[in-house]
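Subject: Structure handover

Hello,

Here is the structure I promised to pass on. My notes on it follow below.

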Amino acid sequence: MSFDGIVTYCVKEEIKNILEDKKIEKIHQPNKDEIVLNFRGLKERLLISANTSRARVLLTEKRYENPQSPPMFCMLMRKHLQGGIITSIDQLGLDRVIILNIRAYDELGNVGNKRLIVELMGKFSNIILVDTDGIVIDAIKRIYRDMSEREVLPGYDFVEAIRQDKLNIFNFTREDFMSRLEGLDNNLKAKRILYNVFEGFGPLIASELMYRTGIDISKTLSLIDDDEREKLFHELEKLSSALTNKDFSPSIYYKDDSMLAVNSFYCLGITELEGTSSKSFPTMSECLESVYDTRDEFDSISQLSSNIRKSLSSDINKLNRKIQKQKEELIESRNRETLKVYADILSANLHLSVRNGDSIDLDNFYDEYKKITIPLDKKLNLQRNAESYYKKYSKMKNRENRLTLEIPKAERELEYLENVLQSLDNITTVAEIEDIRTELEETGFLEVKKNNKKKTPPSSPFKYVTKEGFTIYVGKNNKQNELVTMKIAGPEDIWMHIREMPGSHVIIKTEGKEVPENTLLEGAFLAKHYSKAKFLKTAPVDYTQKKFVSKMKGGKPGMVNYREFKTVMPPEDIKISDFTLE
């Protein structure tokens, strides 16, 4: 859990500096569990969310779309808080609770103090409006007795969420800490120790402090010696000092180099995650906004791409079965000469009437008059059996001609669909999903949406700059592959592609200069990285000048032929993080 009490403290300090003494000008409720406060003279708005999986408080300049009719809770908030002044912003200890104290006028013009209490506690998250006397006016989520022992309902006394008896990082002594350690279960794992001792600690910061101290998080408390406990105490003192001095460094740490899926985020530097893809922000609000925007985008991409991936996988399986069946039929068709031999021999022996039920033994004049047994249809005479064999022969000959044309066509379709399927792994925006959907609709592999929304602007290919200063373009889908190869690339530029596998088109812009070997290897790495061979140690990459690349006649988007090529094996020591993405 990245959004712990320490992150809450960072957010509280941030909004406190900006919002105290500011007048609430407008209040909106864009959806059922979020409200937005606008302030006079400020371009920033305060987003407060009690969403189960996305509970947060942050400052934003983003505009939110509001429903035509404001919800009841929004109307209530406007009645009690609109025009009010935020007098102070507090935190409940170091818990995930932020309290906005607001001075506002009621309908009779009397001044009153109200509290807007924001509890950021996962599925128990809530936004609660409380009056001067501590009575709940209402909550964005009403909590009844059958839901929890702590009821949150209009007219009820507000009762704080139960807090555990833990140390506060701002006010503790060595004796306090050592005493708490002695009171813990000796079998408790190191990774769980600190958030059992300190209020507001989540697993991330608890693990980080153990990492800084050099304590293996799988160790039990009984195996942590006195020296390690002293080191841990000193790390806690450093943390307390950093928080007191507001020495924040908000950062996001990503799961991989695509920087699309968030691994974790925090308001302090996490040395344990150094070396992974990360991004720093000037404020915690900007960090949080990026986190949740990225997660929303990732969720949208995952959902949309999942539907397309399912459809493509189904089409690919059908095509594979179709091609397999066609190849079996082709082999059968090429063995048709036996049928013609049967027909010719029967035609030469129509005067005979001797037959053995469902077959006849005759001299094979194609094989030194050796005896041959020819299967017969008992219902037909010899002439009709001969005609039947001639028809089957002719039918198989026609089938061979047809399959000779159809199999390569089906194989090209299969190659195309596998390319599209692979390109889904390169997706970084919803716009790129729409590019792929549009392409599949245009090529007939997906049904055209009847209620097409307004078209999104076309997405752009990756644009990397190498250490030597060369620009490399990488297509993320077939349309982008066609763009980089047929429009962006000049005749002398270098075109690269993974050999005989689905993958992206890669263009090295030469600008009339000779391309050094390092740049060539970097381009080859990108061609492998953005292909089906991504997780192989190495794989051959073909390259040639763009003037030797031509669009495949009658081919789908991104399908090309190339010649005059060479092959290179990208080295294993290059990483995607070595590149600068523009």
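Helix α9 gives the largest share of the lining of the second largest cavity: three residues. This is a predicted model, so please read everything here as computed from it. About 40 Å³ of space lies in that second largest cavity. Its lining is made up of Asn419, Gln422, Ser423, Asn426, Gly475, Lys476, Asn477, Asn478, Asn481, Gly503 and Ser504. Two elements supply two or more of the lining residues: α9 (382-423) and α11 (478-488). By class, 10 of the lining residues are polar and one is charged, with no nonpolar residue.

How many cavities of 30 Å³ or more does the structure hold? There are two. The largest cavity has about 50 Å³ of space. Leu92, Val97, Ile99, Arg115, Ile117, Glu119, Phe158, Glu160 and Ala161 line the largest cavity. Here the classes are six nonpolar, three charged and no polar. Strands β6 (97-105) and β7 (111-119) each bring at least two residues to this lining. β7 gives the most, with three.

Now the pockets. The second largest pocket holds about 780 Å³ of space. Its lining counts 32 residues. Nearest the centre of this pocket are Asp95, Arg96, Met121, Ala161 and Ile162. The lining of the second largest pocket splits into 14 nonpolar, 11 charged and seven polar residues.

Next, a helix. α1 covers residues 5-19, which is 15 residues. From first C-alpha to last, α1 reaches 20 Å, close to the 21 Å expected at 1.5 Å a residue. Is α1 mostly covered or mostly exposed? It is mostly covered, with 12 of its 15 residues buried. The buried ones are Gly5, Ile6, Val7, Thr8, Tyr9, Cys10, Val11, Lys12, Glu13, Glu14, Ile15 and Leu19. Both ends of α1 have something to look at. At the start, a side-chain oxygen of Asp4 comes to within 3.1 Å of the backbone nitrogen of Ile6. Just after the helix, Asp21 has a positive phi of about 75 degrees.

Last, some strands. β15 (residues 462-465) and β16 (residues 471-474) form a hairpin. Five residues sit between the two strands. Gly469, in the turn, takes a positive phi of about 90 degrees. The two strands run antiparallel and are joined by four bridges. Across this pairing, Val465 is opposite Thr471 of β16.

β16 also pairs with β18 (residues 506-508), again in the antiparallel sense, over three bridges. In this pairing Tyr473 faces Ile507 of β18.

Which way do the side chains of β16 point? Thr471 and Tyr473 point one way, and Ile472 and Val474 the other. In a regular strand, side chains alternate between the two faces of the sheet. In β16, all four of these residues are buried.

Best wishes

Definitions and conventions: Residues are numbered from 1 along each chain as its sequence is written. This is a predicted model: local features need pLDDT of at least 70, side-chain atom pairs count only at pLDDT 80 or more; totals for chains, interfaces and linings use all residues. Side-chain values use heavy atoms; hydrogens and water are left out. On a 1 Å grid over the protein atoms alone, a cavity is a set of points where a 1.4 Å probe fits but cannot get out, and a pocket is an open set with protein on both sides within 12 Å along at least five of seven lines; lining residues have an atom within 4 Å of a point. Grid points are joined across faces, edges and corners, and a volume is the space filled by probe spheres set on the points. Ala, Val, Leu, Ile, Met, Phe, Trp, Tyr, Cys and Pro count as nonpolar, Asp, Glu, Lys and Arg as charged, and the others, Gly among them, as polar. The expected span of a helix is 1.5 Å times one less than its number of residues. Buried means under 20% relative accessible area, exposed over 50%, partly exposed in between (1.4 Å probe, protein chains only). A polar contact is a pair of N or O atoms within 3.5 Å; within protein, one must be able to donate a hydrogen and the other to accept it, and residues adjacent in sequence count only if both atoms are side-chain atoms. Two strands pair if DSSP finds at least two bridges between them.
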